[in-house]
Amino acid sequence: MDRNKALAVNFSQFLFAISMFLLIAPNYDNLLFIALDVLSIFFSGLMLFTSTHIHDKYFLTIIYTEAIVVGLLYYFTQGVSIYVFIIYLLLVTVGIKYNFLAEAMLVNFLILTLSTLAVSPNFGTDGIMLSYYAAYLFLHGENPYNPALTANIYSVFHLCKFIPIFGTPLSTGGVVTRYDYPALQMLILIPSVIFNINPNFITVAFYFLVVFLLYAKLRRVDKFLFLSFLLPYLFNINYRDFSAGGVTTLDWVFFVLLSLFSKDVKAKGVFYGLALSLKQTPFALLPFYLISIYKEEGKSSLLKFIIYTAISFLAINGYFIFLSPEYYFQGVLYPIVAPLIGISMSLSMIAIAGFFYIYPLFFTLAIVIVTLTEVYFFWKYYDIFKDSWVFFPYFIFFVNYRALWNYFMSWPILGYALPNGERKRINAINFKPLAIPVLLLISLGIFFHFAYTPYYTSINVKVLHICEKDGEIYGFLLNVSYYPKSPSLPNCIKPYFRIFPDAPSISANGYIFCSNATVLKKDSWEIVKLYPPYEGYYVPAVPLEVEAYYWNLIGITSVEKA
């Protein structure tokens, strides 16, 4: 990666960070919010595939300006003291004057992070909690992929009152209670279990390791490439906060970076296998990685890469596959096949919010179409995309049904590990073939809307009464009816409910309320009372939507004034 490319990635990261600052709390009941969110994510991803053409002196001016902006951000929004801010500015000034700004900013990174880092004392996500419990079970000689052993996890950790917002809800009721990651995700938490250390410190460690690794590698090439990475990394405080809350993303990013930086194809395979052993996400990189190695090093190196990736992966996961292939593969495939509730900060928000219902199978097909399209363009125009290929998964997740912020944050970082070099002079890309997948996606979207009309018209919700006090809603009285419009729909359902206020939501799930709803048979109705899962879990008294859902069926009603 050269400076022109690095600056384009840098701008993309800053745009994404600003989008997160403004839009991080979802608002499913506001079409303008959804449009801004989708467009900002789309254009941020598009910028990853561009390159600037700017003189070095302007490049340096931009970097110096960004360094000041980062300091101002931490001073005005993160509560750093005036003394820390002055030290920060002094280090920047001295670093610019004596040409060691990269080292100065590395020190600033440590100062700013350590002075503002607040590691959550609790499990920040159900993913880290399940991984921790899986490590505990493994140390006690059990198979952590056995769902019967993890079914009691919320009782073990006494988090019952947090179930509605803490866990990952299923559209058929309940929350995810099975360990559903590759094995290394829980194996790296074994020290945390043995020594009774907060597991969030493990995720925080990778937040630091990514920075140190990129500094160690990029300082030998161009220290300003490191600054192009570090400044938006610091500016987007969510890298820090997500890690402190136990979001597992930077762990696999670290191992993919090691793989990309490695000169030996065997080492590339080993580190990539370790990344695949941490999470399913880096599998999205696989087809592009294979093409890159084939184009650069030929069939022999490609075969070695595949073999050593498989060896590395099986060295970590083989034991658990041997224990029970059924449990293992059901576990790691669970995020794909499970009836998870629809949540998103991307394209699928439009469908999830009920503005334009699209049956979820569309998004699975969209992933296939986008992946094949990207593979085609990468293969055909390899010399153009060889400094951008690690960004292709960004748009794969853009069309995913469940697309959260952390599914996008990681890919720009990987670009800094791509080799520096000039692009070959070749003809411009012919984008005409792109019309085929675009038209196919539009056609499928229309089909999965109109052909599946019964899925959003069979459940009817009418709000009879709203319980409100001091500008907050603590209950609803509903009339819920079920008149299936297709013989393929179930004869009875057990509806569940969530609220989408026209305001920043408490989580990507919206406000999930408890109810006294029973099994609702076809062509019947009942009066349902909704109430919060615990005291203080109230909805702001603003225009809102009440959604009843079961499996892929939804029924939404709008309330203009609470």
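Modeller: Happy to. A salt bridge here is a side-chain nitrogen of Lys or Arg within 4 Å of a carboxyl oxygen of Asp or Glu. Bear in mind that this is a predicted model.

Colleague: Fine by me. How many salt bridges does that rule give?

Modeller: The count comes to six.

Colleague: What do the side chains of Glu 547 and Arg 498 do?

Modeller: They meet in a salt bridge, at 2.7 Å from N to O. Glu 547 sits in strand E9, residues 544-550, and Arg 498 in strand E4, residues 496-501, so the pair ties together parts that are 49 residues apart in sequence.

Colleague: Nice. Are those two buried or exposed?

Modeller: Both Glu 547 and Arg 498 are buried.

Colleague: Which residue does Arg 240 form a salt bridge with?

Modeller: Arg 240 pairs with Asp 241, and their closest N and O atoms are 2.7 Å apart. Arg 240 counts as buried, because its relative accessibility is 4% and the limit for buried is under 20%. Asp 241, by contrast, is partly exposed, with a relative accessible area of 33%.

Colleague: And what is the N to O distance for Asp 383 and Lys 386?

Modeller: That salt bridge comes out at 4.0 Å. Lys 386 is partly exposed, at 26% relative accessibility.

Colleague: Which residues are linked in a network of salt bridges?

Modeller: Arg 3, Asp 56 and Asp 222 are linked that way.

Colleague: Let's move to the surface. Which residues gather in a patch of positive charge there?

Modeller: That patch is made up of Lys 217, Arg 219, Arg 220 and Lys 263.

Colleague: Where is Lys 217 placed?

Modeller: Lys 217 belongs to helix H12, which covers residues 200-218. With a relative accessible area of 30%, Lys 217 is partly exposed.

Colleague: Changing topic: Gly 273. Which helix is its place in?

Modeller: Gly 273 is in helix H16, residues 265-276.

Colleague: Buried or exposed, that Gly 273?

Modeller: Gly 273 is buried, because its relative accessibility is 0%.

Colleague: So what is Gly 273 in contact with, leaving aside its neighbours within four places in sequence?

Modeller: Gly 273 is then in contact with Thr 309, Ser 312 and Phe 313.

Colleague: One last thing: how many Å apart in space are Gly 273 and Phe 283?

Modeller: From C-alpha to C-alpha they are 9.8 Å apart, with a separation of 10 residues in sequence.

Key
Residues numbered from 1 in each chain as written. Predicted model: local features only at pLDDT ≥ 70, side-chain atom pairs only at ≥ 80, totals over all residues. Heavy atoms only, no water. Patch = residues over 30% accessible without salt bridge, like charges linked within 9 Å, V, L, I, M, F, W, Y side chains within 5 Å. Areas by Shrake-Rupley, 256 points an atom, 1.4 Å probe, with all protein chains shown as cover. Lys, Arg positive; Asp, Glu negative; His and termini not counted. Charge placed at Lys NZ, Arg CZ, Asp CG, Glu CD. Helix = DSSP H or I, 4+ residues; strand = E, 2+ residues; numbered from the N terminus. Buried < 20%, exposed > 50% of the residue type's maximum accessible area, 1.4 Å probe, protein only. Contact = heavy atoms within 4.5 Å.
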